[in-house]
Amino acid sequence: MYLHLGQNVMVRSQDVIGIFDLDNTTWSFRTRRFLERAEREGRVTAVGDDLPRSFVLVREGDGPPKVYITALSSAALSARAGRYGFESTSKEDLI
């Protein structure tokens, strides 16, 4: 199965590592540093020109993951993924 990220970009569902909300994750220095490094290494793909709301980490072979930045919310992407049997972990599940 595939997960549609917007703008005719789809990734194999089995390769998705995680779906993350930009507002809730980029306050962390480590997340910002990770995204900056991925951008320097050419592993970031912006899906569309709209305001980014989430990013998706996708496994690519044995190398570091690719980062897709999308205007779709993490909730919308998680709902799409849930329809295809993805496991979802919310903050409430972690407490």
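This is a predicted model: local features need pLDDT of at least 70, side-chain atom pairs count only at pLDDT 80 or more; totals for chains, interfaces and linings use all residues.
Contact here means heavy atoms within 4.5 Å.

View 1. Going along the sequence, the elements of the protein chain come as β-β-β-α-α-β-β-β-α-α. Take the contacts between residues at least 6 apart in sequence: 50% of them join residues at least 24 apart. Of the 95 residues in the protein chain, 32% are buried. The accessible surface comes to about 6700 Å², and carbon and sulfur atoms account for 48% of it.

**View 2. The hairpin made by β1 and β2.** These two strands, with β2 covering residues 9–12, run antiparallel to each other and share four bridges. One spot to look for is Gly6, which sits opposite Val9 of β2. Two residues lie between the strands. Both Gln7 and Asn8 are found in that loop. As a rule, most residues other than glycine have a negative phi. Are the side chains here buried or exposed? Gln7 is exposed, with a relative accessible area of 58%, and Asn8 counts as exposed at 76%.

**View 3. The open four-stranded sheet, in the order β3-β5-β6-β4.** Pairing in this sheet is mixed. From one strand to the next, the twist averages 20°. Zoom in on β4 and β6 (residues 66–70) and you'll find a parallel pair held over four bridges, with Thr45 partnered by Tyr68 of β6. β5 and β6, by contrast, run antiparallel and are joined by five bridges; in one of the pairings Val58 has Lys66 of β6 as its bridge partner. How many of the five residues of β6 are buried? Four are, so β6 is largely enclosed by the rest of the structure.

**View 4. Helix α3 lying on the sheet.** α3 packs there by touching β3, β5 and β6, and its direction makes about 150° with that of β3. Which residues of α3 are buried? Look for Ser74, Leu77 and Ala81. They sit on the same side of α3, because the arc they cover around the axis is only 65°. The cover over the buried residues of α3 includes β1, β3, β5 and β6.

**View 5. The largest nonpolar core, a set of ten residues.** Its members are Leu3, Leu5, Val11, Val16, Val47, Val56, Val58, Tyr68, Leu77 and Ala81. At least two residues of this core come from each of β1 (2–6), β5 (54–58) and α3 (74–82). There is also a second, separate core of six residues, with Leu22, Leu35, Ala38 and Val67 among them.

**View 6. Leu77 and its surroundings.** Setting aside neighbours within four places in sequence, which residues are in contact with Leu77? Leu3, His4 and Leu5 are on the list, along with Ile19, Ser54, Val56, Thr70 and Leu72. Leu77 is also one of the buried residues of α3 and a member of the ten-residue core.

**View 7. Phe20, a residue of strand β3.** Phe20 is partly exposed, with a relative accessible area of 30%. Leaving out neighbours within four places in sequence, its contacts are Thr25, Arg53, Ser54, Phe55, Leu57 and Ser74. Ile69 is 49 residues away from Phe20 along the chain, yet their C-alpha atoms are separated by 9.6 Å.

Methods. Residues are numbered from 1 along each chain as its sequence is written. Side-chain values use heavy atoms; hydrogens and water are left out. Buried means under 20% relative accessible area, exposed over 50%, partly exposed in between (1.4 Å probe, protein chains only). Accessible areas come from the Shrake-Rupley method with a 1.4 Å probe; for residues, only the protein chains shown count as cover. A nonpolar core is a set of buried Ala, Val, Leu, Ile, Met, Phe, Trp, Tyr and Cys residues joined through side-chain atoms within 4.5 Å. Two strands pair if DSSP finds at least two bridges between them. Axes are lines fitted to C-alpha atoms, for helices over the stretch in contact, and angles run from 0 to 180 degrees between N-to-C directions. The arc is that of the directions from the helix axis to the C-beta atoms.
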